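Me: I have a structure to go through and would like to take it one piece at a time. Can you help me read it?

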Amino acid sequence: MKLTNKIGVIVDSFGVGVREGLNKAKDVGAEGVQIYAVKGEMDPENLSPAARKELKSYIDSLGLEISALVGDLGGHGFQVKEDNPWKVEKSKRIVDLALDLGTNIVTTHIGIVPHDPSSEVYATLHAACEELGQYAKSVGAYFAIETGPETAADLKGFLDTLSTNGVSVNFDPANMVMVTGDDPAQGVHLLKDYIVHTHVKDGVRLKEVDPRDVYGAVGYAPMDHDKIAEMVSSGAFFREVPLGEGGVDFDGYFAALQEIGYTGYLTIEREVGHQPEQDIRKAVQFIQQYRSGS
C-alpha cells in the first residue's frame with residue numbers, strides 16, 4: 001500500500017495562535033492546515049474581505065493550503081431547536097469564509113444522532129442539517145460531521161434521509177475506537193459515499209462510556225472541548241495517544257480509504273499532551289512512511 005493523500009495538521013493543536021501555528025505546520029512538513037473559525041481572530045465577523053485576502057495570501061506564501069475549517073459551535077450541537085437559528089446562520093457564514101480562504105469543507109459536531117428516528121431530537125437535528133446541507137450544496141461546499149458520537153450505521157442512516165450530500169462526513173478513527181468501539185475500516189466502507197475529510201488520530205478505549213457524557217446531549221452537560229481534552233488525558237474511559245500507540249489499525253484504516261477511492265486530506269489532530277509540536281512532527285513522519293510505501 002502506498003498512500004498519495006496530502007498531510008494536514010490542525011493549526012490550533014500547536015496552541016500558539018494562527019500565524020505561528022501556520023509556520024509550525026509548514027515546519028513539521030504538513031501540506032495543508034485545518035483552522036478553527038468560530039471565535040477570536042478567525043470568527044467570520046472579525047475578518048473583513050481585505051483581511052481574508054491577506055490571510056489567504058499569507059497561507060499561500062508558506063506553500064500551504066487549507067484542508068478544512070472547523071466550524072464546531074459546541075454546546076448541544078444542533079439538538080436544541082431554540083438555538084438553531086443563530087447556529088445555522090453562523091455556520092453558513094463559516095462556509096462563506098471557508099470558500100474565501102480556498103476550501104469548501106467545514107467540519108462540525110452536530111450532537112449525537114439518536115438511534116430512534118422518531119424522537120424529537122432527531123427531527124430537530126434533521127431540520128437543521130437539511131437547511132445546512134442545502135446551503136452548502138448551493139455554494140459547492142460541505143459541512144462534514146465528525147465521526148465518534150454515534151455508530152457509523154446510525155450516522156449513515158441519518159445522512160441517507162437528507163435531500164443532499166451537502167452535509168457529509170469528517171472521518172475520525174480514534175473517536176470511534178475510544179467512544180463507540182466501532183471498527184474504523186468498517187466505518188469507512190459504510191460511510192464511503194459521504195467522506196470528504198479525515199482526521200488522523202489514535203487512542204485507546206479503557207472501558208465503555210456513554211457518548212452523552214463525552215459529547216453532551218439535551219438533558220446532559222453541553223459539549224465542551226476543554227472537558228473532552230481533560231477526559232482524554234485523565235484516562236478514566238479512554239486516552240488519546242501518539243499515532244501508532246493506540247487501538248486504531250492504521251494499516252486497515254488507510255487501506256479502507258484507498259479502497260473507497262478517497263483522495264482528500266489526512267489531517268493530524270492532537271488534543272492533548274505537553275509536547276504537541278513533537279507529537280505532530282512524529283505523526284507527519286508516521287504518515288510519510290505509508291506514502292513512501294515502507
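Reply: Leaving aside residues up to four places away in sequence, Ile268 touches Ile7, Gly8, Val9, Ile10, Val200, Ile280, Ala283, Val284 and Ile287. Keep in mind that this is a predicted model.

Me: Which strand is Ile268 in?

Reply: Ile268 belongs to strand S10, which covers residues 266–268.

Me: And is Ile268 buried or exposed?

Reply: Ile268 is buried, because its relative accessible area is 2% and buried means under 20%.

Me: How far is Ile268 from Tyr58?

Reply: Their C-alpha atoms are separated by 21 Å, and the two residues are 210 apart along the chain.

Me: New topic, helix H2. How many residues does H2 have, and how far does it reach?

Reply: H2 runs over residues 49–61, which makes 13 residues. From first C-alpha to last it reaches 18 Å, close to the 18 Å expected at 1.5 Å a residue.

Me: Which residues of H2 are buried?

Reply: Arg52, Leu55 and Ile59. Looking down the axis of H2, these buried residues fall within an arc of 65 degrees, so they line one face of the helix.

Me: What covers the buried residues of H2?

Reply: The cover includes helix H1 (18–28), strand S2 (32–36), strand S3 (65–70) and helix H3 (84–100).

Me: What about the face of H2 turned away from its buried side?

Reply: That face carries the exposed residues Pro49, Ala50, Lys53 and Ser61. After H2 comes Gly63, with a positive phi near 75 degrees.

Me: What about the second largest pocket?

Reply: Its volume is about 180 Å³. Among the residues lining the second largest pocket are Ile112, His115, Glu150, Asp154 and Arg212. The lining of the second largest pocket divides into five nonpolar, three polar and four charged residues.

Me: How many cavities of 30 Å³ or more are there?

Reply: The count comes to two cavities of 30 Å³ or more. In the largest cavity there is about 160 Å³ of space. Of the 22 residues lining the largest cavity, His109, Glu146, Asn175, Lys201 and Glu271 are closest to its centre.

Me: Which elements give two or more residues to the lining of the largest cavity?

Reply: Strand S4 (105–108), helix H6 (173–180), helix H8 (211–215) and H9. By class, the lining of the largest cavity has eleven nonpolar, six polar and five charged residues.

Me: And how much space lies in the second largest cavity?

Reply: About 70 Å³. The second largest cavity has 13 lining residues, with Pro242, Leu243, Glu269, Arg270 and Ala283 nearest its centre. Strand S9 (238–241) and helix H11 (276–291) each give two or more residues to the lining of the second largest cavity, and H11 gives the largest share, three residues.

Me: How does the lining of the second largest cavity divide by class?

Reply: Seven nonpolar, no polar and six charged residues. Ala283, listed nearest the centre of the second largest cavity, is also one of the residues that Ile268 touches.

Definitions and conventions. Residues are numbered from 1 along each chain as its sequence is written. This is a predicted model: local features need pLDDT of at least 70, side-chain atom pairs count only at pLDDT 80 or more; totals for chains, interfaces and linings use all residues. Side-chain values use heavy atoms; hydrogens and water are left out. On a 1 Å grid over the protein atoms alone, a cavity is a set of points where a 1.4 Å probe fits but cannot get out, and a pocket is an open set with protein on both sides within 12 Å along at least five of seven lines; lining residues have an atom within 4 Å of a point. Grid points are joined across faces, edges and corners, and a volume is the space filled by probe spheres set on the points. Ala, Val, Leu, Ile, Met, Phe, Trp, Tyr, Cys and Pro count as nonpolar, Asp, Glu, Lys and Arg as charged, and the others, Gly among them, as polar. Helices (H or I, at least four residues) and strands (E, at least two) are DSSP runs, numbered from the N terminus. The expected span of a helix is 1.5 Å times one less than its number of residues. Buried means under 20% relative accessible area, exposed over 50%, partly exposed in between (1.4 Å probe, protein chains only). The arc is that of the directions from the helix axis to the C-beta atoms. Contact means heavy atoms within 4.5 Å.
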